Amino acid sequence: MGAVVGKGDSPRQFSIHETKLEAKMVEAMKRRAVKGSVMKSFNSLILKFRKIDESLRKCKAIFEQFDEDSNGAIDQEEMKKCFYKLEVSFTDEEISDLFEACDINEDMGIKFNEFIVLICLVYLLKDDSNDVHTKLHMEMPDLEATFETLVDAFVFLDKNKDGYVSKSEMVQAINETTTGERSSGRIAMKRFEEMDWDKNGMVNFKEFLFAFTRWIGIDDLEDEDED
């Protein structure tokens with residue numbers, strides 16, 4: 001474990017290139033972490049995969065509604081209209097930052113898996129707005145519980161509650177699930193590598209969400225639509 005840098009020694013060590021949006025995500029996650037996590041193990045999250053998958057796929061109709069030109073992606077203007085309908089208030093700069101952050105393929109359009117990440121980030125960033133959560137619940141029934149499960153899962157992984165997940169924290173979380181199994185370290189590293197999109201050794205909530213959509217097969221749904 002000598003090569004693994006824990007966050008406890010220097011919480012901001014990896015935050016040199018932190019964007020304004022990421023800083024807001026981190027602060028929102030820290031506020032949420034105060035409530036703690038009901039999740040007891042990584043296995044308990046895995047057991048929820050099917051239910052979460054079914055819930056998120058129900059967003060497809062909402063996504064298609066906001067994709068006005070039916071090209072399979074939501075552009076920035078369509079995203080503004082989406083926020084207007086959901087009565088979510090963001091500045092133009094925040095909208096631009098959210099669009100750039102969620103357009104992971106950098107193709108100037110938010111695909112379905114990216115849309116799920118976008119809406120979940122809105123849920124987190126507007127955690128102090130009951131009006132926003134009520135509107136999201138009206139437009140997307142049953143999703144609030146799903147988003148809360150995802151936030152709760154991240155809080156469970158983020159052992160020191162600094163808004164990021166490190167390699168050592170991932171190892172700890174997997175070890176709590178697979179006590180005594182010699183393969184647990186390899187499992188933890190594989191899962192961590194799948195989450196650490198920018199390969200900086202730290203995982204934020206957005207990266208966790210993108211990895212999660214892959215774990216449950218949302219990307220597969222994209223491929224099916226393209227065939």
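**Notes on rings and helices**

1. The structure holds 15 aromatic pairs. Please keep in mind that this is a predicted model.

2. One of the pairs is Phe49 with Trp215: the ring centres lie 6.5 Å apart and the planes are at 20 degrees, under the 30 degrees needed, so the pair counts as stacked. The two residues are 166 apart in the chain, with Phe49 in helix H3 (residues 49-57) and Trp215 in helix H12 (residues 205-215), so the pair links distant parts of the chain. Phe49 and Trp215 are both buried.

3. Phe205 and Phe208 form a stacked pair too, because their planes are at 25 degrees, with 6.2 Å between the ring centres. Both lie in helix H12, three residues apart, which is about one turn of the helix. Phe205 and Phe208 are each buried.

4. Which residues do ring pairs link into a cluster? They are Phe42, Phe49, Phe154, Phe205, Phe208, Phe212 and Trp215.

5. The charged end of Arg191 is over the ring of Trp215, 4.8 Å from its centre. Lys159 lies over the face of Phe156, at 3.8 Å from the ring centre.

6. Now for the helices. The axes of H1 (residues 20-33) and H6 (residues 92-102) come within 9 Å and cross at roughly 85 degrees; H1 and H6 are therefore roughly perpendicular to each other. H1 contributes Lys20, Leu21 and Lys24 to the contact, and H6 contributes Glu93, Glu94, Asp97, Leu98 and Ala101. By class, that contact has five charged, three nonpolar and no polar residues.

Terms used
Residues numbered from 1 in each chain as written. Predicted model: local features only at pLDDT ≥ 70, side-chain atom pairs only at ≥ 80, totals over all residues. Heavy atoms only, no water. Axes fitted to C-alpha atoms, helices over the stretch in contact; angles between N-to-C directions. Helix = DSSP H or I, 4+ residues; strand = E, 2+ residues; numbered from the N terminus. Parallel < 35°, antiparallel > 145°, perpendicular 65-115°, else oblique. Contact = heavy atoms within 4.5 Å. Nonpolar A, V, L, I, M, F, W, Y, C, P; charged D, E, K, R; others polar. Phe/Tyr/Trp six-rings, centres within 6.5 Å; stacked < 30°, edge-to-face > 60°. Buried < 20%, exposed > 50% of the residue type's maximum accessible area, 1.4 Å probe, protein only. Lys NZ or Arg CZ within 6 Å of the ring centre and 35° of its normal.
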